[in-house]
Amino acid sequence: MASILLVEDNPDTVDFLARRLRDRGYHVMVARNGVDALRLSIERRPDAVVMDVNLPQMDGDVVARHLRDHPATAHIPIVFVTAETSRRVADLLAAGNTICLEKAIKTQAVVDALETLLPR
């Protein structure tokens, strides 16, 4: 079972998406801000991260840069879920091993992205 770190500060979105991902067989951990996302990624090394871009304490793009710079987490795929402009999305995708999805969140789109990024 793949482990997913879900990084989102909206409790309704966390409840919705975490439940859907668990229903599909993923082990889901939750971080509600960027600082916790970075800490949990380094400590627990999830198989993938599903992350909002606009987060308290540290935005998702900053978290992603730190993850890419850390040898223990550089390989972790990231699925960004965002309502950001296309220019910022292009910057996010430049990190590599990354997919960006538009809000509103569609569970199947997140699952499809995870299946694309995770090894079989």
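This briefing describes a five-stranded sheet, the helices that pack on it, and the setting of residue D52. The model is predicted, so that local features need pLDDT of at least 70 and side-chain atom pairs count only at pLDDT 80 or more, while totals for chains, interfaces and linings use all residues. Residues are numbered from 1 along each chain as its sequence is written, and side-chain values use heavy atoms, with hydrogens and water left out.

**The sheet**

- Five strands, with parallel pairing, form an open sheet in the order β2-β1-β3-β4-β5, where strands are DSSP runs of E of at least two residues, numbered from the N terminus, and two strands pair if DSSP finds at least two bridges between them.
- The edge strands, each pairing on one side only, are β2 (27-31) and β5 (98-102).
- From one strand to the next the twist averages 20°, with axes taken as lines fitted to C-alpha atoms, for helices over the stretch in contact, and angles running from 0 to 180 degrees between N-to-C directions.

**Strand pairings**

- Strand β1 (residues 3-7) runs parallel to β3 and is joined to it by four bridges; L5 has V49 as its bridge partner in β3.
- Strands β3 and β4 also run parallel and are joined by four bridges, and V50 stands opposite V79 in β4.
- Strands β4 and β5 pair in the parallel sense over five bridges, with T98 in β5 as the bridge partner of I78.

**Burial of β4**

- Five of the five residues of β4 are buried, so this strand is largely enclosed by the rest of the structure; buried means under 20% relative accessible area, exposed over 50% and partly exposed in between (1.4 Å probe, protein chains only).
- Both faces of β4 are covered, with I78, F80 and T82 buried on one side and V79 and V81 buried on the other.

**Helices on the sheet**

- Helix α3 (residues 60-69) lies across β3, β4 (78-82) and β5, and runs at about 170° to β4; helices are DSSP runs of H or I of at least four residues.
- Helix α5 (residues 107-117) packs on the sheet and touches β1, β3, β4 and β5, its direction making about 170° with that of β5; contact means heavy atoms within 4.5 Å.

**Residue D52**

- D52 is found in strand β3 (residues 48-52) and counts as buried because its relative accessibility is 6%.
- Leaving aside residues up to four places away in sequence, D52 touches V7, E8, D9, G60, F80, V81, T82 and K103.
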